[in-house]
Every structure is written in C-alpha cells, then in structure tokens.
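Keep the sequence and the coordinates open as you read.

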Amino acid sequence: YQRRVRGDLSIKVFIKNETPEIVLNSAEIVVNSASFIGQETQSATITHLAEEEKVVFRFSSPLKIGSGVLNLKYSGILNDQMAGYYRSTYKIDGEQRIMGVTQFEAVDARKAFPCWDEPEYRAVFAITLVVPPSKIAVSNMPPISEKLISDDGTREVIFGDSPSMSTYLVAWVIGEFEYLEEIT
C-alpha cells in the first residue's frame, strides 16, 4: 500500500458570470495540472494557499458564461490522522495490515480531493478507484464496472453516480474484507 495517492478529477460547472479564476478547497494536496473546457479550452496557472486550505486556478482570459468542465490532476498523501483519506491498520493472524479509509465530516474531503468542501454545497459524485490485487473497494454506490488494468491484478472499479449530496457524505474504503451480498 503506497502512502502517496494521485487522482484525476473532472468537475462539471456552470459559469454564471465571466470570471478569471476558480477557487476550490484543498489541503495536503498538490494539483499538478488544471484545464477548463468550455467555449474554449484553457490551461490554468495554479496557486496553492496552504494556510487557507484553498487552491486557485487562474486563466489567461475570463471563463465565459455557460457550461464547462474543470479537469485536474493531483497528488496527496494517505495520512494517519483519521481525517480525509487515511490509512488504518488491523491484524489478521497477528500480521498488521493497512486499509485506506475516508472520514470527511465536516470539511475534510479537501484532504482527499480538491472540491467545494462546505456542508451547504451539493453535487453528484462519480467515484472511480484503482484497487490493488487482493483488496476490495466499497463506496457510496454499488460498482457498475470493474476491469483489470495491470497484469499484477490491479483493477479499476467504477461506482454508480451518487445522489446530490455534500462532500462530507462521500465515502470509500479499500482493504481486505469479507462480505455477504444479497440482491432483492
């Protein structure tokens, strides 16, 4: 289990007023690239404001009114602080194991992915996880697709879209689990 994590994030937005920047909450994360696809495609300059737990994406020309998608590539850590996306340990037959767990209430989703991380904001979340061999991934919604992406058994698991909800309700866990499943 690696302590560093990385992600690709696409946020569908509607720009109500022309703006030269988009600001998201972000903590313990480094956004490596950002672009906006709308009426035109623009790359952004990225400014991390660590003390404010924000990241600013500034565009060379203002984003126009209308729909678009903010695409980000980022990296972060699998911390041990029981907040954000963190590692938890357990034992099987005396051997210590690690699993990745989330705890986002009330404003710790920003430690796992850049977002508008305030309880009053809502969005639909489409979670895709890359899962190591012998691990199981669980999220808010049932998986809709799973495919092998590496000869070592690493899989990509795509979960169904969530209902509209706050970031603090988003959850996923990756670990060794036994489970019962029943479909009614």
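In which sense do strand S11 and S12 pair, and over how many bridges? Strand S11 (residues 143–148) and S12 pair in the antiparallel sense, over five bridges. Two strands count as paired if DSSP finds at least two bridges between them. Strands themselves are DSSP runs (E, at least two residues) and helices are DSSP runs (H or I, at least four residues), numbered from the N terminus.

Some ground rules come next. This is a predicted model, in which local features need pLDDT of at least 70 and side-chain atom pairs count only at pLDDT 80 or more, while totals for chains, interfaces and linings use all residues. Residues are numbered from 1 along each chain as its sequence is written, and side-chain values use heavy atoms, with hydrogens and water left out.

Now the overall picture. The protein chain has zero helices and 13 strands. Its C-alpha trace spans about 60 × 40 × 35 Å along the principal axes. Of the 184 residues, 40% count as buried. Buried means under 20% relative accessible area, exposed means over 50%, and partly exposed lies in between (1.4 Å probe, protein chains only). Take the contacts with a separation of 6 or more: residues 24 or more positions apart account for 65% of them. A contact means heavy atoms within 4.5 Å.

Return to the hairpin of S11 and S12. Six residues lie between its strands, and Gly153 takes a positive phi near 100°. Glu146 has Val157 in S12 as its bridge partner. Lys147 stands opposite Glu156 in S12. S12 also pairs with S9, antiparallel, over four bridges. There, Val130 stands opposite Glu156.

Next, the open sheets. Six strands form one, in the order S1-S6-S3-S4-S5-S2, with antiparallel pairing. S1 and S2 stand at the edges with a single partner strand each, so one side of each is left without a neighbour in the sheet. The twist averages 20° from one strand to the next. Axes here are lines fitted to C-alpha atoms, for helices over the stretch in contact, and angles run from 0 to 180 degrees between N-to-C directions. Within this sheet, three bridges join S3 to strand S4 (residues 41–49). Ser35 has Ser43 in S4 as its bridge partner.

Four strands form another open sheet, in the order S7-S8-S13-S10, again with antiparallel pairing. Its edges are strand S7 (84–92) and strand S10 (136–139); each has a single partner strand, so one side of each is left without a neighbour in the sheet. The twist averages 15° from one strand to the next. Nine bridges join S7 to S8. Gly84 has Gln103 in S8 as its bridge partner.

Leaving aside neighbours within four places in sequence, Phe57 is in contact with residues including Ile22, Val31, Ile46, Leu70 and Leu72.

A search of the whole structure finds six aromatic pairs. Rings of Phe, Tyr and Trp (its six-membered ring) pair if their centres lie within 6.5 Å; planes under 30 degrees apart count as stacked, over 60 as edge-to-face and the rest as tilted. The rings of Phe113 and Phe125 have centres 6.3 Å apart and planes at 65°, so this pair is edge-to-face. Both residues lie in the loop between strand S8 (95–103) and strand S9 (128–131), so the pair ties together parts that are twelve residues apart in sequence. Phe113 and Phe125 are both buried. Ring pairs link Tyr85, Phe104, Phe113, Phe125 and Trp172 into a cluster. Thr167, in the loop between S12 and S13, counts as buried at 4% relative accessibility. Among the residues Thr167 touches are Phe104 and Phe125.
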